[in-house]
Amino acid sequence: MNILQIVAISLVATLLIVTIRADRPEIAIMLSLATGVLIFIFIIDKIVFVIDVLKDLSIRADLDFIYFTTILKIIGIAYICEFGSQIAKDAGEGSIATKIELAGKIMILVVSIPILLSLLELILKIMP
């Protein structure tokens, strides 16, 4: 599916959501969520392609695989939190959106601890 089809689906969904939001806000939120999931399903093969290319590059560069997977986890957490936060904002729940973003930032910090520790060990080895 190319970007024109994705944008066309998004615009149709947006028009439907704007039309029904005043009378049936609960259906508008579900339609927004369904559209987001549909777009994600359309682009999942592109994401897999990018991950495969990055994995191949990391193997060629002889990088430690733990760093590569950690970076992919961080990117995934960021995208998932952004998706959830936007849906919460669309539903008019800005405070929940803020909490989703905070949880995502904390999860990214937790996942990145091995990289931070490795960097700290490297700095300590360099320093006399």
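Trainee: Why is the crossing of α2 and α3 called right-handed?

Mentor: The crossing of α2 and α3 falls in the right-handed class. Bear in mind that this is a predicted model, where local features need pLDDT of at least 70, side-chain atom pairs count only at pLDDT 80 or more, and totals for chains, interfaces and linings use all residues. Residues are numbered from 1 along each chain as its sequence is written, and side-chain values use heavy atoms, leaving out hydrogens and water.

Trainee: Which residues of α2 and α3 meet?

Mentor: On the α2 side they include L33, V37 and K55, and on the α3 side F65, F83 and D90; contact means heavy atoms within 4.5 Å. By class, there are nine nonpolar, three polar and two charged residues. Asp, Glu, Lys and Arg count as charged, Ala, Val, Leu, Ile, Met, Phe, Trp, Tyr, Cys and Pro as nonpolar, and the others, Gly among them, as polar.

Trainee: How do you know how α1 and α2 are oriented to each other?

Mentor: Same test. Helix α1 (residues 3-20) and α2 cross at roughly 175°, their axes coming within 9 Å, so the pair is roughly antiparallel. I9, A13 and L16 of α1 are among the residues meeting α2, where L31, L38 and F42 take part.

Trainee: Why are α4 and α5 called oblique?

Mentor: The axes of α4 and helix α5 (residues 113-126) cross at roughly 45° and come within 4 Å, and therefore the two are oblique to each other. L109, V110 and V111 in α4 meet I113, P114 and L116 in α5. All six are nonpolar.

Trainee: In which helix is confidence lowest, and in which highest?

Mentor: Lowest is α2, with a mean of 88, and highest is helix α4 (residues 94-111), at 95. pLDDT is the predictor's confidence in each residue, from 0 to 100. The protein averages 90, and 99% of the residues score at least 70.

Terms used:
A crossing is left-handed if the near helix is turned anticlockwise from the far one by less than a right angle, and right-handed if clockwise. Axes are lines fitted to C-alpha atoms, for helices over the stretch in contact, and angles run from 0 to 180 degrees between N-to-C directions. Angles under 35 degrees count as roughly parallel, over 145 as roughly antiparallel, 65 to 115 as roughly perpendicular and the rest as oblique.
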